[in-house]
Amino acid sequence: VIVTQSGNCDAAYSFPLQISGGRIVSTGGASIHGRISGGGGVSVAISSGGSSGRASGRLSASSGSGRWSGLLNGARCSGRWEANR
């Protein structure tokens with residue numbers, strides 16, 4: 001889930017993901033590509049239609065959190081993200 005804290009975007013967006021071999025891929029409508037380092041650091045690129053964004057943070061075995069920013073439906077927005085298994 002990404003939560004908007006700055007900008008004129010929807011309050012939150014939800015994206016289902018799959019993690020395999022250190023790679024992050026989408027299992028839903030958006031195109032999501034990223035990697036997880038051995039220490040749990042996350043870097044992700046997200047795109048859907050004309051919207052795009054980037055996220056970074058940390059993941060553990062059951063959860064994660066970090067920051068995101070992007071251009072969604074023509075508006076610059078940013079905030080935090082949270083992931084749960």
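Let's start at Cys9: with a relative accessibility of 16%, Cys9 counts as buried. Buried here means under 20% relative accessible area, exposed means over 50%, and partly exposed lies in between, using a 1.4 Å probe and protein chains only.

A word on the source. This is a predicted model, where local features need pLDDT of at least 70 and side-chain atom pairs count only at pLDDT 80 or more, while totals for chains, interfaces and linings use all residues. Residues are numbered from 1 along each chain as its sequence is written, and side-chain values use heavy atoms, with hydrogens and water left out.

Back to Cys9. What does Cys9 join? A disulfide links Cys9 to Cys77, S to S 1.7 Å. The criterion for a disulfide is a pair of cysteine sulfur atoms within 2.5 Å. The pair ties together distant parts of the chain, 68 residues apart. Cys9 sits in the loop between strand 1 and strand 2, and Cys77 sits in strand 9, residues 75–84. The torsion about the S-S bond is about 85°, so this disulfide is right-handed. Cys77 is buried too, at 4% relative accessible area. A search of the whole structure finds 1 disulfide.

Is Arg76 buried or exposed? Arg76 counts as exposed, at 65% relative accessibility. Arg76 also lies in strand 9. Its C-alpha atom is separated by 5.9 Å from that of Gly7, 69 residues apart along the chain. Setting aside residues up to four places away in sequence, Arg76 touches Ser6, Gly7, Asn8, Gly70 and Leu71. Contact means heavy atoms within 4.5 Å.

Now Thr4. Thr4 belongs to strand 1, residues 2–6. With 15% relative accessibility, Thr4 counts as buried. Its side chain reaches the backbone oxygen of Asp10 at 2.7 Å. Beyond its neighbours within four places in sequence, Thr4 is in contact with several residues, among them both cysteines, Cys9 and Cys77. Tyr13 and Trp68 are also included in that set.

On to the fold. The protein chain has 0 helices and 9 strands. Both kinds of element are DSSP runs numbered from the N terminus: helices are H or I with at least four residues, strands are E with at least two. Along the sequence the pattern reads β-β-β-β-β-β-β-β-β.

Two strands pair if DSSP finds at least two bridges between them. Strand 3 pairs with strand 4, residues 23–26, in the antiparallel sense over 4 bridges. Within that, Ile19 has Ile24 of strand 4 as its bridge partner.

Last, the whole chain. The C-alpha trace spans about 35 × 20 × 20 Å along its principal axes. The radius of gyration is 12 Å, which agrees with the value near 12 Å for a compact globule of 85 residues. That radius is taken over C-alpha atoms, and the globule rule is 2.2 Å times the number of residues to the power 0.38. Of the 85 residues, 33% count as buried. Among contacts with a separation of 6 or more, 23% come from residues 24 or more positions apart.

That's the tour. Questions welcome.

Key. A polar contact is a pair of N or O atoms within 3.5 Å; within protein, one must be able to donate a hydrogen and the other to accept it, and residues adjacent in sequence count only if both atoms are side-chain atoms.
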